[in-house]
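The sequence and the structure come first.

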Amino acid sequence: MKIQLRRLAHARSGDKGDTANVGLIALRDEVYPLLVREVTSARVKEHFQGICKGEVERFELPNLGALNFLLHESLGGGGTLSLMTDAQGKTFSTALLRMEIEINDAEAKELGL
Amino acid sequence: MKQRIRIAAGQGFWGDLPDAPVRQVEGGPIDYLMLDYLAEVTMSIMQKQKARDPKAGYARDFVSLMKEILPACVARDIKVIANAGGVNVPGCAAAVAEVARALGLGGKVKIGIVTGDDILDRVDDFLARGIELRNMDTGEPLSSVRDRIQSANAYLGAAPIVEALNKGAQVVITGRATDTGLTLGPMIHEFSWAADDWDKLAAGTIAGHIIECGAQCSGGNCQHEWQSIPDLANVGFPIAEASADATFVITKHEGTGGRVSVPSVKEQLVYEMGDPHEYITPDCVADFTTIQLAPDGADRVKVFGIKGRPATDSLKVSISDSAGYKAVGTLVYSWPDAYAKAKAADQILRARLDRLGLRFDQILTEYVGANATHGPLAGEPSPDLAEVQLRVGVRVNDRAAIERFTKEIAPLILTGPPGVTGFAGGRPKVEEVVAYWPALIPKSEITAAVEIIEV
């Protein structure tokens, strides 16, 4: 089955120059390994096609049940140079939560999804 | 020595809720009030103010705030630490001293001032000596924008704040200092932490990171179960309750709204995060992958287990440079076919700009209500959208071109697609673009100075 990340995680995003950061936080600790397996840098880069023009880096924070993504070249130059409504990348968090991941029925049942 | 201190955050940015610091002082026990006033490009605005008036160039809001809270702070020995001094720390301190005397607090207040961060006058000397101040993001040397620089400041850490507190300052005013240093400073002062006790310094730094954005860790902008967060109208700003052993609790005053929970603190921890293994400040390198969180009663989250590493031998420098002009024009198109009309209007506008021979470094069209925040992820907009706001922005280093652009928006109402409104505000404003230039400088080049003014 497919499941949207908004059912598995919450998130907050911000900016550093032309790079947006998205912190993706598992709603429950049991879900974190699933996020680590499925929400890879490559998947996130593909998800943000047409928005993120640079690389996507991923860092793991098992202590917080969180992943941190850096989406380079995503903010139209960043800071005051950017003409975007969301020049600070504040809504990249909810944009990531739109992503769907594939999960098999047994695993979904085990996780109570 | 106190075993526990309460450090309250009063502002998440310059322009945050004006009464938040007052409520922090009046809403319950605190020992320190920290206030962050400086966004990345604030310094350039302040340099311009100082050029017009040598007495200006700092956060005036801070002076009026002190008028309101200084008597209570003196009476209850609450120390105030603020980077409100901008590019005129002595001027800010003089204004606060005047307020203190007018309040009858003469002889009762020491103001500590921290300077040494402002390096605008030293830039040519640095460049001449081969300190290139390359842009950390792009790698360009600063010499490429030398004639456009408006401000240059090194980020100072906790050490000079500690020195001011050690000398008995009731109020500490800095120029460019790190947000985290404003919170770490009081901990080092109270608990006498060693300058190389990296784990403790990292813990104090992370406490600062959690509270530096104000209510963004106590229920504001919180996605986790946001519908159930109580009474945000009365939101409590955060308090870090720090212990000598470098564990701390994030909380807020009783009776305030909002929520401090493990999820609310996690959201703030990941905010503007880079590589979590190395959060670099002048004071230490903090490792966010070591942070442990645990609930500790209602609206209390305990933070512990933090590890740190030695500070680097550089300081971050924030430079601002003038980078041209921009303007943004908007119009609102209504049902039916709101999105199609807005798109047609954009094409007409661009054809006219072309015919005028106007060239821009950047031109961006967004459709608010359809896809301005999530772009292509939002999918194809429905033809039934009630309305769409057309939003067109342009940027170039040619003021005349930007001004000409601003005259092309309103005419679309009578010369473009129908069902359009939303132009009550007049022509779009031409804005000067002040760009942010982050760089590094060897620590040995920067010496912070601390002075105590007796009021």
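Pro336(B) sits in the loop that runs between S14 and helix H10 (338-355) of chain B. The bond that joins Trp335(B) to Pro336(B) is a cis peptide bond, with omega at about 0 degrees. These values, like the rest of this report, come from a predicted model.

**Loop residues with positive phi**

Asp77(B) has a phi near 50 degrees, which is a positive value in a residue other than glycine. Asn221(B) also is not a glycine, and its phi is positive at about 50 degrees. The loop that holds Asp77(B) lies between H3 and strand S3 (79-82) of chain B, while the loop that holds Asn221(B) lies between H8 and S7 of chain B. Asp77(B) counts as exposed because it has 8 C-beta neighbours inside 10 Å. Asn221(B) has 19 other C-beta atoms within 10 Å, so it is partly exposed; the limit for a buried residue is 20 or more.

**The loop at Thr247(B)**

Thr247(B) belongs to the loop between strand S7 (239-243) and strand S8 (248-251) of chain B. It is partly exposed, because 17 other C-beta atoms lie within 10 Å. Which residues does Thr247(B) contact once its neighbours within four places in sequence are left aside? They are Lys302(B), Val303(B) and Phe304(B). For Val303(B), which is 56 residues apart from Thr247(B) along the chain, the separation between the two C-alpha atoms is 5.9 Å.

**Two helix pairs in chain B**

Helix H7 (residues 179-191) of chain B is mostly covered, with 13 of its 13 residues buried. Its partner in one of the pairs below is helix H8 (residues 198-211) of chain B. The other pair consists of helix H3 (residues 60-75) and helix H4 (residues 89-102) of chain B.

| Helix pair | Axes come within | Crossing angle |
|---|---|---|
| H3(B) and H4(B) | 9 Å | roughly 30 degrees |
| H7(B) and H8(B) | 7 Å | roughly 130 degrees |

The angle between H3(B) and H4(B) makes these helices roughly parallel to each other, since angles under 35 degrees are counted that way. H7(B) and H8(B) are oblique to each other. The crossing of H3(B) past H4(B) is right-handed, and H7(B) likewise passes H8(B) in a right-handed crossing.

On the H3(B) side, the contact with H4(B) uses Phe62(B), Val63(B), Met66(B), Lys67(B) and Leu70(B). H4(B) supplies Cys92(B), Ala95(B), Val96(B), Val99(B) and Ala100(B). By residue class, this contact has 9 nonpolar residues, no polar ones and 1 charged. The spacing of such positions can be read against helix geometry. An α-helix has 3.6 residues a turn, so residues three or four places apart point the same way.

In the other pair, H7(B) contributes Asp179(B), Thr180(B), Leu182(B), Thr183(B), Leu184(B) and Met187(B). These meet Leu201(B), Gly204(B), Thr205(B), Ala207(B), Gly208(B), His209(B) and Ile211(B) of H8(B). The contact of H7(B) with H8(B) divides into 6 nonpolar, 6 polar and 1 charged residues.

**Chain A**

Chain A contains 4 helices and 6 strands. Along the sequence they follow the order β-β-β-α-α-β-β-α-β-α. The radius of gyration of chain A is 14 Å, close to the 13 Å that the globule rule gives for 113 residues, so chain A is as compact as a globular protein of that length. Its C-alpha trace spans about 50 × 25 × 20 Å along the principal axes. Of the 113 residues, 47% count as buried. Among the contacts in chain A between residues at least 6 apart in sequence, 58% join residues at least 24 apart.

**Where the chains meet**

Methods:
Residues numbered from 1 in each chain as written. Chains lettered and ligands numbered in written order. Predicted model: local features only at pLDDT ≥ 70, side-chain atom pairs only at ≥ 80, totals over all residues. Rg over C-alpha atoms; globule rule 2.2 N^0.38 Å. Buried ≥ 20, exposed ≤ 12 C-beta atoms within 10 Å, placed from the backbone. Contact = placed C-beta atoms within 7 Å. Axes fitted to C-alpha atoms, helices over the stretch in contact; angles between N-to-C directions. Parallel < 35°, antiparallel > 145°, perpendicular 65-115°, else oblique. Left-handed = near helix turned anticlockwise from the far one by under 90°. Nonpolar A, V, L, I, M, F, W, Y, C, P; charged D, E, K, R; others polar.
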